[in-house]
Amino acid sequence: MVSASKEATDTEHKKGRYQAANPPEILQSQDSVVNNLPGDVQTQEQLQSVPDEFINFDIKTSTSRPLLHTDAEGNVYTYSLNPVTYSVFLILVLELLERFSFYGLYMTQTTFLVGSYDEEWNADLSSMEAAGLVSLSTAIAYTIPFVGGFLADAYLGDYKTILMGTVLFYIPGLFLIASSTCPNWYLGIERFNVTAYKVALLFFWPIGTGFVKSVVNVFGARQYHPVLQRSLIESFYVRFYMVINVGAVAGCIVIPLVARSSITIAYTIPFVLLLISVIGFVAGSSRYVDVVPQHEFGMGEIQVAEGDGEKNMDKPNFSDVAKICMLVVPFNIAYSQCPTTFMVQGAVMKPLFGFIEAPNLDIIDSISVLFFGYLVSTFFYPYLARRNIKLATGYKFALGSALGASAIVWSLVVEKMIHSEYARAGNQINVIWQAPSYLLIGAGEIFSISTAYEVAFTASPPNKKAFACAFNLFCIGGIPNMLSLGLYRMCDQWFHNDEGSGNIHLIRDYSEAHVANYFVVLLGIVMLGVLVNLLPPVRNWIASVERKAADASSGSVASTPKPTPKSTPKSKKMVQIKDGKETDPLLKALDHKKYMDDAKKPQIYRMNTLKAEFTKKPKRKGGT
């Protein structure tokens with residue numbers, strides 16, 4: 001793992017009482033410099049134009065990790081020119097197989113618990129008991145990310161949190177679940193061990209997946225240089241979300257198919273694959289950039305010196321990120337209809353080819369994510385980048401919500417077709433007519449959910465990135481489902497036939513219900529999300545939050561120390577002093593020299609230096 005060491009600083013600086021007292025003109029200059037620096041450095045040719053302050057001159061690591069960054073705390077990190085092939089692919093493989101394991105088990109747990117796979121050896125639960133147990137496990141899995149995010153940001157760091165989640169919880173949980181599928185000496189040979197199974201399903205498994213979910217995307221994004229590779233993070237999150245769906249599709253296909261022949265083999269596959277991926281993940285530990293945890297996690301932000309109160313308003317904070325993540329809740333309410341009301345509607349439709357039913361269509365959503373994710377990350381975003389255009393986050397959210405609204409509109413069209421065909425000839429329409437809804441939802445996920453992942457990472461404070469990701473997950477899977485439950489209760493009367501029965505899985509009963517009314521209400525909610533994200537004040541506010549985060553990241557530009565003389569080639573110049581004034585190229589670029597000429601007293605800057613003199617070099621371990 002790439003280690004980071006802190007520059008020696010005095011006690012006052014360690015307590016956070018002093019921060020960079022950059023005057024407004026210096027901060028504006030920093031913005032200008034950062035904007036002029038490339039954000040997609042991936043080649044040796046681009047490396048030639050990078051300022052010395054971002055170059056790693058250490059002989060041992062400069063070839064594999066030539067980029068250098070020093071944060072405001074003095075931690076030094078080095079980065080590869082191609083993070084995807086250097087380290088990110090190991091993280092993505094882990095995430096892919098974790099999602100494979102999660103969705104493979106998630107889609108088969110209820111069926112297994114009621115005995116459909118093995119009538120002789122099962123938990124002997126009713127359908128409602130099994131469904132309730134699985135729902136509780138899922139609820140725990142979406143709550144635990146708060147704990148995982150807190151531990152990662154404040155104490156353990158990303159790498160150790162992922163390792164703890166997989167080794168101590170996830171893998172043991174999968175082992176217990178797989179072991180429960182057949183008689184054995186340690187769980188019992190005469191009766192199914194329901195207690196052990198519940199321990200796995202309600203403790204080990206959800207805690208493990210919750211820890212991984214809260215941190216893995218943040219860990220992947222942190223493999224990119226925060227300044228020189230900032231534009232690559234956008235494409236990373238699209239690819240990350242595509243990987244999630246590859247794992248989900250594979251898990252939903254492979255595990256149920258194998259389970260029909262042998263549930264023991266089916267549940268052993270996730271255990272073996274995740275174990276292998278964790279071994280590979282650990283093997284690549286020396287390649288990772290593992291950000292040092294802050295050990296401070298108050299909801300208040302970084303302290304500033306007296307007179308810097310206004311400037312503290314320009315720092316990123318968790319509450320702003322949380323508000324941004326909530327802007328995609330309307331879309332996620334539409335997204336949450338896939339396993340609920342879309343299933344209710346599809347239940348009264350004719351199977352495709354006689355065996356493809358509504359539950360099978362969910363795979364179209366994942367395929368849509370993969371297809372549109374590839375188009376967006378490979379062609380659309382690069383096309384905009386070549387023209388120096390960045391699609392505003394508000395526009396992305398609005399576009400995603402609009403696609404979600406389109407999916408609901410198509411559901412209304414299908415609803416009309418169902419009633420018309422039954423009234424005309426008493427027939428059912430084919431379930432394939434639902435496919436466009438899943439296709440549109442999948443396309444919307446690329447602009448809504450993957451963008452929310454990105455913002456939760458890039459716009460959150462350095463010491464709360466994993467926690468912000470956990471809240472984003474809550475906005476994806478927690479809040480929307482809670483609101484949907486309330487919506488179902490409010491609209492319950494529309495899901496009854498003329499006799500007042502809520503059992504409308506037959507076309508005759510469904511034709512008497514008024515499900516279309518529910519979709520109209522749902523459409524109004526999602527369209528509200530479109531309009532809110534298009535409002536100029538909202539769009540501009542999101543942009544201001546992102547600028548604050550960018551400013552905070554670029555704030556370390558002025559404090560990035562020069563490489564040590566021991567490892568610096570003679571052709572590279574160190575910080576020089578002429579007539580008592582610095583002539584460092586980067587400080588000139590920041591217009592810092594003029595400021596020092598006019599200053600009447602020394603100013604305290606990041607790294608605790610006077611007049612920004614780099615009097616001490618950061619110590620680095622292991623050639624990092």
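Start with Leu 113: setting aside residues up to four places away in sequence, its contacts are Asn 122, Ala 123, Asp 124, Leu 125, Ala 130, Leu 133, Val 134 and Tyr 197. Keep in mind that this is a predicted model. The chain runs to 624 residues, and 53% of them count as buried. If you look at contacts between residues at least 6 apart in sequence, 79% of them join residues at least 24 apart.

**Nonpolar cores**

- Leu 113 turns up again in the largest nonpolar core, which has 84 residues; Leu 113, Tyr 267 and Tyr 453 have the most contacts inside it.
- Helix α9, covering residues 194-221, gives the most to this core, with 14 residues.
- There's also a second, separate core of 57 residues, and Val 321, Ala 322, Ala 334 and Ile 507 are among its members.
- As background, nonpolar side chains tend to be buried together in soluble globular proteins.

**Helix α13 against helix α19**

- Two packed helices are described by the angle between their axes and the distance between the axes.
- For α13 (residues 318-326) and α19 (residues 465-490), the axes come within 9 Å and cross at roughly 25°.
- Angles under 35 degrees count as roughly parallel, so α13 is roughly parallel to α19.
- The crossing of these two, α13 and α19, is right-handed.
- On the α13 side, the contact is made by Phe 318, Val 321, Ala 322, Cys 325 and Met 326; α19 brings Phe 467, Ala 468, Phe 471, Asn 472, Cys 475 and Ile 479.
- Sorted by class, the contact of α13 with α19 has 10 nonpolar residues, one polar and no charged ones.
- Val 321 and Ala 322 of α13 sit in this contact, and both also belong to the second core.

**Helix α10 against helix α18**

- The axes of α10 (residues 232-261) and α18 (residues 435-458) come within 9 Å and cross at roughly 125°.
- That angle makes α10 and α18 oblique to each other.
- The crossing of α10 and α18 is right-handed.
- From α10, the contact takes in Ile 233, Glu 234, Tyr 237, Val 238, Phe 240, Tyr 241 and Ile 244; from α18 come Glu 445, Ile 446, Ile 449, Ser 450, Tyr 453, Glu 454, Phe 457 and Thr 458.

**Helix α4 against helix α8**

- The axes of α4 (residues 83-106) and α8 come within 13 Å and cross at roughly 35°.
- The crossing of α4 and α8 is left-handed.
- Leu 94, Glu 98, Ser 101, Phe 102 and Leu 105 of α4 meet Ile 162, Tyr 170, Leu 174 and Ile 177 of α8.
- By class, the contact of α4 with α8 has seven nonpolar, one polar and one charged residues.

- Leu 96 is in helix α4, and its 26% relative accessibility makes it partly exposed.
- Leaving out neighbours within four places in sequence, Leu 96 is in contact with Val 243, Val 246 and Gly 247.
- Leu 96 and Val 243 are 147 residues apart along the chain, yet 5.5 Å separates their C-alpha atoms.
- Tyr 159 is in helix α8, residues 158-179, and counts as buried at 6% relative accessibility.
- Tyr 159 and Val 215 are 56 residues apart in sequence, and their C-alpha atoms are 8.4 Å apart in space.

**Positive phi in loops**

- Phe 353 isn't a glycine, but its phi is positive, near 60°.
- You'll find Phe 353 in the loop between α15 (341-346) and α16 (362-386), and it is exposed, with a relative accessible area of 66%.
- Asn 388 also has a positive phi, about 55°, although it is not a glycine.
- Asn 388 is in the loop between α16 and α17 (393-425), and at 76% relative accessibility it counts as exposed.

Technical notes:
Residues numbered from 1 in each chain as written. Predicted model: local features only at pLDDT ≥ 70, side-chain atom pairs only at ≥ 80, totals over all residues. Heavy atoms only, no water. Axes fitted to C-alpha atoms, helices over the stretch in contact; angles between N-to-C directions. Helix = DSSP H or I, 4+ residues; strand = E, 2+ residues; numbered from the N terminus. Parallel < 35°, antiparallel > 145°, perpendicular 65-115°, else oblique. Left-handed = near helix turned anticlockwise from the far one by under 90°. Contact = heavy atoms within 4.5 Å. Nonpolar A, V, L, I, M, F, W, Y, C, P; charged D, E, K, R; others polar. Buried < 20%, exposed > 50% of the residue type's maximum accessible area, 1.4 Å probe, protein only. Core = buried A, V, L, I, M, F, W, Y, C linked by side-chain atoms within 4.5 Å.
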